Amino acid sequence: MQEKGTISIHTENIFPIIKKFLYSDHEIFLRELVSNAVDASQKIKRLASLGEYKGELGELIVDVKVDKKKKTITISDRGIGMTADEIKKYINQIAFSGATEFVEKYKDKGEDQQIIGHFGLGFYSAFMVAKHVEIHTLSYQEGAEPAIWSCDGNTEFEIKPGKKKERGTDIILKIADDSEEFLEDHRIQGILDKYSKFLPIPIRFGEKEKQEEDGEDKDGKKKWKTVKVDNIINNPTPLWTRSPSDLTDQDYLDFYKELYPFSEEPLFWIHLNVDYPFNLTGILYFPKLKKDFEFQKNKIQLYSRQVFITDEVKDIVPDFLQLLHGVIDSPDIPLNVSRSYLQSDSNVKKINGYITKKVADKLGELFKKDRKAYEEKWSDIGVFVKYGIISEDKFEEKAKDYALLKSTEGKFYNIDEYKAAVEANQTNKDKSVVFLYTTDEEQQHGYIETAKKRSYNVLVLDGPVDSHFINHVEQKYEGVTLKRVDSDVIDKLIDKDEKKESVLSEDEQNKVTEAFKKAVNDEKNTITVEPMATDDLPVTITLPEFIRRMRDMQATGGG
Ligand code: ADP
Ligand code: MG
């Protein structure tokens, strides 16, 4: 005999689980409820524009209110509202989908605790902080009756007729004893600032004080008065949602200030805007590097339909571009799934590729349009470009010509240009063209001078990713070898007849050699006595490049 049925999920188990496992992220209840209020407002706007709602739209604004005495938080909107039937359908049933969603998340818990609680628990996340929740709502539909739904966080709910006269919904949370931190204004303000700063419908949290001009006193000095104004949390039309053709450079700079109030001006930016095969908008800024250089990740904010999700964009933005600043907004990034899934998600892969391409294109545009300006920015952007070339084949393909090498003279070349420039000068006619470089202009000053006197050009490669970049260039460019300026190869690049005669006799040379060998006491160094092209450096000790590199690697803890 065959039987079919529905597997039931017991909701009485859900609330304790939600409470227990979402502990670190309780604050997202507000993100979820405010997002729902925004959705409801967007829906009524949409219905009005389609002509399906003919009533007054009124001021669409979402209010968040805290009542410390009653220990409640209320989120109100003037959105579409719900009828009693809709409550039954959307709210009571969501408990089931909320449960399945939770179970789905729960199984990933061991792998990455962040997953749980970060994303999309929706309406029921209210019970993370509330012991009692009420919905007072009136649907936009003609003749709709107001309704009240209430629930204590167990399986029993109650629906009864309400008294609401205005279209929309109030969600009233009676805050639980262990969650009273959420009754503090600054806490709520902080959460709203974090998640709701760019929502498309204005969010109001009480009032704030503002200084306003109040005429002049009798000496002609400006007078000021304190007035109360609405405390609006958000900028409903953030720059990334607007069309690039409507925006000026100043708009982009101002928006940067809005995102990072204490940062220096960015170098340039890229406005991302694509709707096929995935939907993504955003603005990425190349920041100016700080003097005390450090890789500052997590400066890119990820949004989904203007709701802040996270600043952890690993897997979505290629590693080397995580050093950029800015905003990415995409409803096509699956947010409530595990990291390992995210990596293999085809949209995420495409987004990754798209961003990489956009950045390479932008570099190319700047490089071609104004080479000098590009060179001036190089000290700031070089590290991104080199890091990208080392780590992403696709980026390298597009951007390798825009990677610059700087000489000790302050001239810039790309790799091909440099190769062409030094090739002619190299008399050793080896298979390989040698790029001499310094990692420390001060310390290696004597060696640099020696090389220059022998008409060699020396590159400055003293940046944080340069040792990796050097290895990469050697691997990828046939016929190019890089040697540090104090390595023992320099001599072999020079024509013998260019050399000065030694002032020492052969015997004297041997004695000196022996003495140095003893003093240095390291058989890896090659000790030879040769006249130097520069007089301010009586003695140089060189190392074979590969030994030097091995030592550097050991010193920096590996390659
Ligand atoms: P989601 O928003 O992902 O659909 P939620 O659990 O947050 O899931 O909300 C469930 C449903 O309840 C919403 O889809 C919506 O139909 C309804 N709802 C929730 N809040 C409101 C509100 N403020 N106004 C109107 N409907 C709402
Ligand atoms: Mg929701």
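Which residues have the most contacts inside the largest nonpolar core? In this predicted model, they are Val 34, Ala 126, Leu 173, Leu 192, Ile 283 and Leu 436.

**View 1. The largest nonpolar core.** This core has 113 residues. Helix α2, spanning residues 28–49, gives the most to the core, with nine residues. In soluble globular proteins, nonpolar side chains tend to be buried together.

**View 2. The contacts of Val 34.** Val 34 is among the residues with the most contacts inside the largest nonpolar core. Leaving aside residues up to four places away in sequence, Val 34 touches Val 62, Val 64, Ile 75, Ser 196, Leu 199 and Ile 203.

**View 3. The surroundings of ligand 1.** Ligand 1 is surrounded by 15 residues, of which Asn 36, Ala 40, Tyr 90, Gly 122 and Phe 123 are the closest. The most come from α2, with four residues. Sorted by class, the shell comprises eight nonpolar, five polar and two charged residues.

**View 4. The buried side of helix α12.** In helix α12 (residues 445–453), the buried residues are Tyr 447, Ile 448, Thr 450 and Ala 451. These residues lie on the same side of α12, because they cover an arc of only 160° around the axis. An α-helix has 3.6 residues a turn, so residues three or four places apart point the same way. The cover over the buried residues of α12 includes β16 (433–438) and β17 (458–460).

Terms used. Residues are numbered from 1 along each chain as its sequence is written. Chains are lettered from A and ligands numbered from 1 in the order in which they are written. This is a predicted model: local features need pLDDT of at least 70, side-chain atom pairs count only at pLDDT 80 or more; totals for chains, interfaces and linings use all residues. A nonpolar core is a set of buried Ala, Val, Leu, Ile, Met, Phe, Trp, Tyr and Cys residues joined through C-beta atoms within 7 Å. A residue is buried if 20 or more other C-beta atoms lie within 10 Å of its own, exposed if 12 or fewer, and partly exposed in between; C-beta atoms are placed from the backbone. Helices (H or I, at least four residues) and strands (E, at least two) are DSSP runs, numbered from the N terminus. Two residues are in contact if their C-beta atoms, placed from the backbone, lie within 7 Å. The arc is that of the directions from the helix axis to the C-beta atoms. A residue is near a molecule or strand if its C-beta atom, placed from the backbone, lies within 6 Å of it. Ala, Val, Leu, Ile, Met, Phe, Trp, Tyr, Cys and Pro count as nonpolar, Asp, Glu, Lys and Arg as charged, and the others, Gly among them, as polar.
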